Amino acid sequence: MSQQLIRVPPTKNTLLKLKKQVRFLEEGHDLLERKRELLTRLVYERIGEYGRLRDEAERRLERAYRCLAITHLRLGSRGIRQVALGSEPALQVQILPRRSLGVEYPAVSAERLPLKPVGLLGTDASFDETREHLADAAVRLARLGEVEMALHRLMEEQRKAQKRVNALRYNIIPRYRRTIQFIQSALEEEERNTLFQVKRLRERQSP
C-alpha cells in the first residue's frame, strides 16, 4: 500500500493541498487529452496528404526520368554534363519555420523560375523538355518533404501526448486519489478516537 501512496503526513493541511493539486492535474489531463485528439486528427490528415503527394511525385519523377533517358541517348553522358554546366537554376526554394499545436517544422516553398535557353551547340528539344519535367518533379518533392517532416514531428508529439495522458490517467491521478482517501480515512479514524476518548473522560467525571 505504501508504494501506491504519496509519502506525506496525514494532516488536514496536506489533504487540502492534495485536493488542490489533483484538481490541477485533472485539468492538465483534460487539456492534454484535447491536444492529443487534435494531434491525432492532424496526423490522419497529413497521412492522406502525404499519400497523394507521394503518388504525384512518383508520377512526375517517372516522366522526368523517361525524358532524361531520351536525352541521354541523344546527347550522351558527356554532352549532358557540358550542357548542365551552362544551365541556370530552375527553382527558387525558401524554407521557413512553421508551428502547429506547439510542433515546429520547416515550411518549404518551391517556385518555378523561367527556364532560360542554353547557348551551347549540340542540344535539342529533349533537353529542355527534361529540364521542365525535372523542375516540376522538384516542386512536388519539396512539398512532399515538408509534409513528411511535419507528419514525422506531429506523430512524435502525438506519442508524447499519449504517454503523458496515460501517465496522468493510470498512475499519477489515481495515486493522488488513493492518498487523499487514505488521509481522509486516517483523519476520520483519529476523530472517532478523539470523540471516544472525550466520551470516556466525561463518563469518568460524571457522578
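1. Contact here means heavy atoms within 4.5 Å. By that criterion, and leaving out residues up to four places away in sequence, L18 of this predicted model touches I6, V8, Y176, T179, I180 and I183.

2. L18 also belongs to the largest nonpolar core, a set of 13 residues in which L18 and Y176 touch the most other members. Helices α1 and α2 each supply at least two residues of this core; the largest share, seven residues, comes from α2. Another core, of 11 residues, lies apart from it and includes A57, V147, L154 and A161.

3. The axes of α1 (residues 12-85) and α2 (residues 125-205) come within 2 Å and cross at roughly 165°. Because angles over 145 degrees count as roughly antiparallel, α1 is described as roughly antiparallel to α2. The residues of their contact comprise 38 nonpolar, 13 polar and 22 charged.

4. Is E157 buried or exposed? With a relative accessible area of 16%, E157 is buried, since buried means under 20%. Beyond its neighbours within four places in sequence, E157 is in contact with K35, L39, V103 and R164.

5. Regarding annotation, an unreviewed UniProt entry places a "coiled-coil region" at residues 144-193. In the model, the chain over residues 144-193 is 100% helix and 0% strand, and the C-alpha atoms at the ends of that stretch are 71 Å apart.

Notes:
Residues are numbered from 1 along each chain as its sequence is written. This is a predicted model: local features need pLDDT of at least 70, side-chain atom pairs count only at pLDDT 80 or more; totals for chains, interfaces and linings use all residues. Side-chain values use heavy atoms; hydrogens and water are left out. Axes are lines fitted to C-alpha atoms, for helices over the stretch in contact, and angles run from 0 to 180 degrees between N-to-C directions. Helices (H or I, at least four residues) and strands (E, at least two) are DSSP runs, numbered from the N terminus. Angles under 35 degrees count as roughly parallel, over 145 as roughly antiparallel, 65 to 115 as roughly perpendicular and the rest as oblique. Ala, Val, Leu, Ile, Met, Phe, Trp, Tyr, Cys and Pro count as nonpolar, Asp, Glu, Lys and Arg as charged, and the others, Gly among them, as polar. Buried means under 20% relative accessible area, exposed over 50%, partly exposed in between (1.4 Å probe, protein chains only). UniProt positions are given in the numbering used here, feature names are shortened, and annotations may be inferred rather than shown by experiment. A nonpolar core is a set of buried Ala, Val, Leu, Ile, Met, Phe, Trp, Tyr and Cys residues joined through side-chain atoms within 4.5 Å.
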